[in-house]
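Trainee: I am new to this structure. Can we go through it piece by piece?

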Amino acid sequence: MTTARAAAPLAPGAWVIHCDGSAWPNPGRMGLGAVLTGPDGTVQHQISEATTFTGCNNEAELRALMQALQWLAQQGLAASTPVQVFSDNSVLVEQLGSLSAAAPIVRLATLFDEARQALQRFENVRLQWIPRHRNGAADTLARAALGLAPKAATPPGHHHTKKKKRRC
């Protein structure tokens, strides 16, 4: 499993997962969102699901990824299928994609271990951080699961002041 920050070409025959999670408030109810695109470039499956329990944004992001991986495995695509995962959550990418992971979030350690096990079912997995504006479809699905409207698009050249996410 590798992680990358710069855009790299996808492996031939790769499935692509864009995943996102939302917690309202944070922590609070969690919405999971994911878009799974097949090797031919068409969307094959989407996840928009609210959990029955509460958690934080990082937990929601992890659970969205795990739901997407579970769907791929249920389709019989686990063993030899290359998978490219895109997430706008740097904590998820750092914890799951690198050998020198950032300091773990203690409360989520077990969940990160479960996600690592799910990723190990796949022979070739790459995790890549992307900016939030490139993960809009997954974000919209996560927010919709909670009954929230999509986030407003940021006009080109304008930047929102980024609020520091709570680590949970």
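Mentor: Two points come before we start. This is a predicted model, where local features need pLDDT of at least 70, side-chain atom pairs count only at pLDDT 80 or more, and totals for chains, interfaces and linings use all residues. Residues are numbered from 1 along each chain as its sequence is written, and side-chain values use heavy atoms, with hydrogens and water left out.

Trainee: How many residues of strand 2 are buried?
Mentor: Strands (E, at least two residues) and helices (H or I, at least four) are DSSP runs, numbered from the N terminus. Buried means under 20% relative accessible area, exposed over 50%, and partly exposed in between, with a 1.4 Å probe and protein chains only. Strand 2 is mostly covered, and its buried residues number eight of ten.

Trainee: How many bridges pair strand 2 with strand 3?
Mentor: Two strands pair if DSSP finds at least two bridges between them. Strand 2 and strand 3 form a hairpin, with three residues between them. Asp 20 has Gly 33 of strand 3 as its bridge partner. The pairing is antiparallel, and its bridges number nine.

Trainee: Why does Val 16 count as buried?
Mentor: Val 16 sits in strand 2. Leaving out residues up to four places away in sequence, it touches Leu 10, Val 35, Leu 36, Thr 37, Gln 84 and Phe 86, where contact means heavy atoms within 4.5 Å. Val 16 counts as buried because its relative accessible area is 9%.

Trainee: What separates the C-alpha atoms of Val 16 and Val 125?
Mentor: Along the chain, Val 16 and Val 125 are 109 residues apart.

Trainee: Is Thr 37 buried or exposed?
Mentor: Thr 37 lies in strand 3. Its contacts, not counting residues up to four places away in sequence, are Ala 14, Trp 15, Val 16, Thr 42, Val 43 and Gln 44. At 14% relative accessibility, Thr 37 counts as buried.

Trainee: Which residue in strand 5 is the bridge partner of Val 16?
Mentor: Strand 2 and strand 5 (residues 82–87) run parallel and are joined by five bridges. Trp 15 has Val 83 as its partner in strand 5. For Val 16, the partner is Gln 84.

Trainee: Which residue in strand 6 is the bridge partner of Gln 84?
Mentor: Strand 5 also pairs with strand 6 (residues 124–129), in the parallel sense, over six bridges. Pro 82, Gln 84 and Phe 86 point one way from strand 5, while Val 83, Val 85 and Ser 87 point the other way, and all are buried. In strand 6, the partner of Gln 84 is Arg 126.

Trainee: How many residues of helix 2 are buried?
Mentor: At the start of helix 2, a side-chain oxygen of Asn 89 reaches to within 2.9 Å of the backbone nitrogen of Val 91. Val 91 is itself among the buried residues, which also include Leu 92 and Gly 97. Helix 2 (residues 90–97) is mostly covered, with a buried count of six of eight.

Trainee: Which side chain joins that of Asp 113 in a polar contact?
Mentor: Asp 113 lies in helix 3 (residues 109–120). At 42% relative accessibility, Asp 113 counts as partly exposed. A polar contact is a pair of N or O atoms within 3.5 Å; within protein, one must be able to donate a hydrogen and the other to accept it, and residues adjacent in sequence count only if both atoms are side-chain atoms. Here the distance is 2.9 Å, and the partner is Arg 116.
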